[in-house]
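Reader: I would like to learn how to read surface features. Could you walk me through some, please?

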Amino acid sequence: NVSDVIKNRTGLDIVQNEGMAGAFYGITWPPSTGLEYWENLGRCKYYIQLPAEQGIRLGQAFGDAASMGLVNIGMSYDQTFVHPFCRTDSVDKAIEIVNNIENDRELLKQVLSFQDQNIQQKSDAFLETLEEKLLIKRQK
């Protein structure tokens with residue numbers, strides 16, 4: 001079990017979304033609640049997403065995790081919220097990244113700053129688009 005390997009090699013408690021294991025397109029049964037998802041994220045310091053049997057995921061959860069101040073590690077189609085140092089498709093490398101960040105406060109600050117800047121850029125771009133579309137709508 002990947003969670004056990006990570007726990008044994010980092011000493012950190014692991015919160016795993018068991019329902020996502022093998023869930024094609026992220027559809028789980030029985031359905032999980034949004035509350036459970038956000039509570040689990042809120043209990044974490046790191047969010048690790050590695051390619052699964054289905055391949056590389058889109059990466060929406062990296063945005064969620066970054067917005068809650070978690071350090072993102074792994075790989076997705078959209079790497080906007082994953083610092084270059086934290087990009088990997090390997091469990092061994094993910095463990096190495098966690099251990100490096102745990103022992104380097106400056107690296108932690110750099111990673112979180114990168115994620116925060118990208119959240120701000122995406123938010124600004126979204127609001128700009130929203131304003132443009134609202135102006136167009138009002139002109140009709």
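Author: Happy to! Patches are made of residues with over 30% relative accessible area and no salt bridge, with like charges joined within 9 Å and nonpolar side chains (Val, Leu, Ile, Met, Phe, Trp, Tyr) within 5 Å. A salt bridge is a side-chain nitrogen of Lys or Arg within 4 Å of a carboxyl oxygen of Asp or Glu. This is a predicted model, where local features need pLDDT of at least 70 and side-chain atom pairs count only at pLDDT 80 or more, while totals for chains, interfaces and linings use all residues. Residues are numbered from 1 along each chain as its sequence is written, and side-chain values use heavy atoms, leaving out hydrogens and water.

Reader: Which residues form the negative surface patch?

Author: D124, E128, E131 and E132 form it. D124 is placed in helix α5; helices (H or I, at least four residues) and strands (E, at least two) are DSSP runs, numbered from the N terminus.

Reader: Which residues make the nonpolar surface patch?

Author: F126, L127 and L130 make that patch, of about 310 Å². L130 lies in helix α5, residues 105–139, and counts as partly exposed because its relative accessibility is 46%.

Reader: How many disulfides does a search of the whole structure find?

Author: A disulfide is a covalent bond between the sulfur atoms of two cysteines. Searching for cysteine sulfur atoms within 2.5 Å finds 0 disulfides in the whole structure. C44 is partly exposed at 24% relative accessible area, whereas C86 is buried at 0%.

Technical notes:
Areas by Shrake-Rupley, 256 points an atom, 1.4 Å probe, with all protein chains shown as cover. Buried < 20%, exposed > 50% of the residue type's maximum accessible area, 1.4 Å probe, protein only. Lys, Arg positive; Asp, Glu negative; His and termini not counted. Charge placed at Lys NZ, Arg CZ, Asp CG, Glu CD.
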